[in-house]
Amino acid sequence: HGNQLEGPVGLHGLPRSLLRLRLHHNFFCGEMNLTSLPPGLVELDAHNNNFSGPLSLGTLPRSLVLLSLGHNNLEGTLNLAAAPPGLMSLFVASNLLTGTVDWGSLPPSLAFLDLSHNRLQGELSLARLPRSLVWAELQHNYLAGTLGLDSPPSSLAVLRLEHNRFTSLASVVPDAVR
């Protein structure tokens with residue numbers, strides 16, 4: 001942090017023992033080849049750079065628990081079903097990601113989610129979010145339709161939804177009335 005390193009970055013050839021890779025707040029550019037990361041990597045933080053190209057969650061090490069790639073120029077559809085199963089933090093805000101979000105395919109261990117400032121679409125039902133979710137920033141996307149506020153995760157403390165295209169709220173009936 002605080003460097004001003006620039007240019008393309010080759011992520012192949014990293015030590016297999018590497019657990020955390022932090023490249024954030026630099027001027028790195030080009031596509032990120034995530035196919036040859038160390039198999040035991042638990043943290044990849046490369047936010048605030050100029051990386052571009054597709055983001056393929058399916059090529060990440062299955063051991064990854066934190067992925068922070070916000071504020072880059074990553075593009076394409078976001079296949080959440082391909083994310084590492086133990087992922088606890090996913091930060092990909094302020095990129096060029098598109099597609100319809102399948103909320104039910106988020107990793108069950110996910111606690112922190114920031115998909116804000118992209119071009120993501122779909123309806124949102126809080127009942128489909130992981131029960132472990134504490135923080136969700138989904139603002140400034142193209143989420144639309146009916147916003148289902150039923151059965152949110154009991155751990156959810158922050159939910160940001162402003163600047164989307166919701167047209168209505170699903171009625172929430174308290175359990176005592178059902």
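An open sheet of eight strands, paired in parallel, runs in the order 1-3-5-7-9-11-13-15. Strand 1 (6-8) and strand 15 (165-169) stand at the edges with a single partner strand each, so one side of each has no neighbour in the sheet. Neighbouring strands of this sheet are turned by 15° against each other on average, direction ignored. The model is predicted: local features need pLDDT of at least 70, side-chain atom pairs count only at pLDDT 80 or more, and totals for chains, interfaces and linings use all residues. Residues are numbered from 1 along each chain as its sequence is written, and side-chain values use heavy atoms, leaving out hydrogens and water.

**Terms for the sheet**

- Strands (E, at least two residues) and helices (H or I, at least four) are DSSP runs, numbered from the N terminus.
- Two strands pair if DSSP finds at least two bridges between them.

**The chain as a whole**

- The chain holds zero helices and 15 strands.
- Its C-alpha trace spans about 60 × 30 × 25 Å along the principal axes.
- Of the 178 residues, 43% count as buried.
- Buried means under 20% relative accessible area, exposed means over 50%, and partly exposed lies in between (1.4 Å probe, protein chains only).
- Among contacts with a separation of 6 or more, 21% come from residues 24 or more positions apart.
- A contact means heavy atoms within 4.5 Å.

**Strand pairs in the sheet**

- Strand 1 and strand 3 (residues 27-31) run parallel and are joined by three bridges.
- E6 has F27 in strand 3 as its bridge partner.
- Strand 3 also runs parallel to strand 5, again with three bridges.
- C29 stands opposite N50 in strand 5.
- Strand 5 (residues 50-54) pairs with strand 7 (residues 73-77) in the parallel sense, over three bridges.
- G53 stands opposite L74 in strand 7.
- In a regular strand the side chains alternate between the two faces of the sheet.

**Salt bridges**

- The structure holds five salt bridges.
- A salt bridge is a side-chain nitrogen of Lys or Arg within 4 Å of a carboxyl oxygen of Asp or Glu.
- Side chains of opposite charge can pair when their charged atoms come close.
- R20 forms a salt bridge with E43, with the closest N and O atoms 3.4 Å apart.
- This pair links distant parts of the chain: R20 lies in strand 2 (residues 20-22) and E43 in strand 4 (residues 43-45), 23 residues apart.
- R22 forms a salt bridge with E43 as well, its closest N and O atoms being 2.4 Å apart.
- That pair also links distant parts of the chain, with R22 in strand 2 and E43 in strand 4, 21 residues apart.
- Together, R20, R22 and E43 are linked in a network of salt bridges.
- E43 is buried, at 11% relative accessible area, while R20 counts as partly exposed at 47%.
- R160 and E162 meet through their side chains in a salt bridge of 2.3 Å, N to O.
- R160 is partly exposed, with a relative accessible area of 34%, and E162 is partly exposed at 31%.

**Two serines**

- S116 lies in the loop between strand 10 (112-114) and strand 11.
- S116 is buried, with a relative accessible area of 3%.
- The side chains of S116 and D114 are joined by a polar contact of 2.6 Å.
- A polar contact is a pair of N or O atoms within 3.5 Å; within protein, one must be able to donate a hydrogen and the other to accept it, and residues adjacent in sequence count only if both atoms are side-chain atoms.
- Leaving out residues up to four places away in sequence, S116 touches A93, S94, E137, L138, Q139, H140 and N141.
- S125 belongs to strand 11 (residues 119-125).
- S125 touches G148 and D150, again not counting residues up to four places away in sequence.

Notes
Axes fitted to C-alpha atoms, helices over the stretch in contact; angles between N-to-C directions.
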